[in-house]
Amino acid sequence: MDTTNPIRIASLYDDLAASMQRLRTAHPELDRSREIVRQAMQDGRAHYGINTGFGILANKRIEPEQLAELQQNILLSHACGVGEPVPVAITRLMLQLKIHALGLGQSGISRSTFEQLLALERSGLTPWVPSRGSVGASGDLAPLAHLCLPLIGRGEVWDEQQQSRTEALPALRQAGMEPVSLQAKDGLALLNGTQLMAAYGAFVLERCIKLLKEADILAAMSLEALQGSAVPFDERIHAIRPHRGQQLTAANIRQLLIDSEILDSHRDCGKVQDPYCLRCVPQVHGASRDALSYASNVVEIELNSVTDNPLVFSNGDILSGGNFHGQPLALALDFAAIALAELASISERRTYLLLEGHDGLPKLLMNDTGVRLYDPAVHGSGAGVRKQGSVPPCLGGFHSHQPGAGRPCLDGLHQRDQAAQRDEQCGTCISRRTADGGTGTGFQATTETRRRSACSPQLLALANTSCRPRLRGA
């Protein structure tokens, strides 16, 4: 695991850019592990994936003159994905994460193949990777095969406009590159790993850092618009149930409500308590915050790990294990999907309160509903997205089937795609409220609602700066 220059979720893109730059300059660990592979090829013993077949053919020895062909064939045979392409942003992350993992120097890849990967990344070419066809128990075999086909002049890449695909070989030559000849162990090193699962997880969780802060801002805006009470956010309440996320959320809401004239104006009103979607914000947002923190920790470990097989160690050992298995990511991403679904659910309920006339607000936030008819699709679309994102995962990390040769495999693509899609859907529901001033609608509010939305200076300042300063961490 990389502990010297680790990749962190909070600084994902900067850290990966720095890693690419370091590896273009030097990669001594790579040369050391490659020398161990070279020695293994000459010791007369069988070494999985180096001078043997793969999978159920692991006991079949391969002649030295066939090793290069074997490595090319494993890429070609596993490039059998189908369906819509993986988004460009995810594919770019995949490519960088694969380079970062190989650069840790425990995969034994050849210098020529590794430098071809670096050149591909730097050229801006993005491989066309189908989104269906992976089994997470074996890592991301099919997606990684498609990712790496352009190295040998095969497969497809996105065109310059990133609108359609084109053959890789002409694009490669236009970028000043020629296909590389794979050497022993290269194909297996390229193919093995969890980089697609990790890329999806990192992509979503990096966005969650901002999303969590926006959720707190929306809750504070709703609390003021609905003339709710600040009492449920009192520090003493959360000190006797000290879940970290709950305490952070309550502290954020208190910070946002500093100097709120709206809350002060009804401090001694007769209202006993608010609905759950206001009163229980620290408990609900906090639980999601803790769940997403756990998922981020799991994904960060994965970003800095070696998930190849077999693995090459500095003492000369070449060990076969199962670091490619996707189960840690499967469970973490399902957990993240549930956490984001809960954030979207409580956000949508606050939208409903604002529109149904709670606490004296006009119905639909409009005084004149004659000519300016309310379109229920505005709120309905947010509710629909929330519902779709809240469908139980069923669970992605729990599905198994028999893909071949009697080996039970986790459906890794289901686990990461479904979790990532639910995460984005729930994020869309929350972001919709952010774009519409916290109400979830695009309609202009009444004078009374606008007065209430004047709210605290802290809340306005943070909302206008995408909530970056002063709010406490995700």
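Buried means under 20% relative accessible area, exposed means over 50%, and partly exposed lies in between, with a 1.4 Å probe and protein chains only. Helices (H or I, at least four residues) and strands (E, at least two) are DSSP runs, numbered from the N terminus.

This is a predicted model, in which local features need pLDDT of at least 70, side-chain atom pairs count only at pLDDT 80 or more, and totals for chains, interfaces and linings use all residues. Residues are numbered from 1 along each chain as its sequence is written, and side-chain values use heavy atoms, with hydrogens and water left out.

Start with helix α6, residues 141-148. Eight of its eight residues are buried, so the helix is largely enclosed by the rest of the structure. The buried residues of α6 are L141, A142, P143, L144, A145, H146, L147 and C148.

Next come two backbone features with positive phi. Q162 sits in the loop between β3 (156-158) and β4 (165-167). Its phi is positive, about 55°, although Q162 is not a glycine. Q162 is partly exposed, with a relative accessible area of 39%.

K185 belongs to the loop between α7 (168-174) and α8 (186-191). K185 is not a glycine either, yet its phi is positive, at about 80°. Is K185 buried or exposed? K185 counts as buried, at 0% relative accessibility.

Finally, turn to a cis peptide bond. This bond runs from N309 to P310, with omega near -5°. P310 is placed in the loop between α14 (281-303) and β5 (311-312).
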